[in-house]
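Work through the exercises below with the sequence and the model at hand. Each task is followed by a solution in steps.

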Amino acid sequence: MKLSVVIPAYNRERTVGRTVESVLACGVPAEVVVVDDGSKDGTADAARAFGPAVNVVRQANGGPAVARNTGAAVAAGDVLAFLDSDDEWLPGVAADAVAALERHPEVDVLFCETLCGNPADGYRPLSETTGRGRFGELLTHPLEPDLFALDRTALVRAMTDRNQMFLGSTFVRRAALAASGLFDPGLFGGEDYELCLRLAARHRVAFLARPLARYEKHPGGLSADPDRMAREFALAMRRFARLPELTRDERRRAAAAHRRLSFEYAYRAYDRGDLPEARARFAGALRHAGASPKAAAYWLLSRMPRPVVRAARALKQGAGA
């Protein structure tokens, strides 16, 4: 079984070397494909410094989804992983994950625990945050010590509430990725969530309860832009709600999540006082996410004169005090 690791990189001259080194030292032979997504710095040179151990592909800037799709098309492995160029793998766990896939051909997707944080604040297991303290409820079907087959219904429900799968700690069989489809190039920040939603709905997923990746939270990352990510999550859920594989209850839950996420995206503009943008966003939420009395009320409010809006905001703040 051959593993290919795709690393999309944009202006990551200072970090891509550590990412590549962590993969080369992961404990299992891996093809490394670095896709330089139109960087303006020395990202490509930093990756090429590893010589033939790394395949460097350069392209015009198209965003992380396009870069990952380019890497997937170039990669030769029958198992693929996607690691961002500012994150790292911890030693030993990748080898255990690949071995687990070899022992369990019924598993299409395997994701591992992740450590999230930064050197200043420290790191903690990501499942504690994504699962809101209830991630352990998914671990009801042990295959081996620390390895669990996840029930599709329970996983899809949890994924609809919040993404449970960190892409940098996920291994996908090429056949499953081909059947489910690659990353949506129309998304720029939520493409990993949208793909993981599809994988959870369409394939057999397992979890290895050992931390593979160290996910760096820092000001320069896409996740540090809450306005963009609110929009991306709403779009990802909108696409997910249309999947034909969903049951009636799953589609209902996805539609409700889409309404909630669309409202949150629109409310961000209202909360910062950008009423024209808020009107447009609430109108979009009503058009794409369906009827919502709350969204309709805020759309009407955002059309009012600013003194009326200020009074309404003061009234709400007073009621919440």
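**Exercise 1: Strands and crossovers**

P8 stands opposite V35 in β2. The model is predicted: local features need pLDDT of at least 70 and side-chain atom pairs count only at pLDDT 80 or more, while totals for chains, interfaces and linings use all residues. Residues are numbered from 1 along each chain as its sequence is written, and side-chain values use heavy atoms, with hydrogens and water left out.

Task: State how β2 pairs with β1 and with β3.

Step 1. Helices (H or I, at least four residues) and strands (E, at least two) are DSSP runs, numbered from the N terminus. Two strands pair if DSSP finds at least two bridges between them.

Step 2. Strand β1 (residues 3-9) runs parallel to β2, and seven bridges join them. Right-handed means that, with the strands pointing away from the viewer, the path from the first strand over the helix to the second runs clockwise.

Step 3. Strand β3 (residues 54-59) also pairs with β2 in the parallel sense, over six bridges. Here R58 is the bridge partner of D36. The chain gets from β2 to β3 through helix α2 (residues 43-48), and this β-α-β crossover is right-handed.

**Exercise 2: A buried strand**

Task: Explain why strand β2 is described as largely enclosed.

Step 1. Buried means under 20% relative accessible area, exposed over 50%, and partly exposed in between (1.4 Å probe, protein chains only).

Step 2. In β2 (residues 30-37), seven of the eight residues are buried, so the rest of the structure largely encloses this strand.

**Exercise 3: Salt bridges across the sequence**

Step 1. A salt bridge is a side-chain nitrogen of Lys or Arg within 4 Å of a carboxyl oxygen of Asp or Glu. By this rule there are 24 salt bridges.

Step 2. E144 is in strand β8 (residues 141-144) and R103 in helix α4, 41 residues apart.

Step 3. R152 is in helix α6 (residues 152-161) and E250 in helix α10 (residues 248-271), 98 residues apart.
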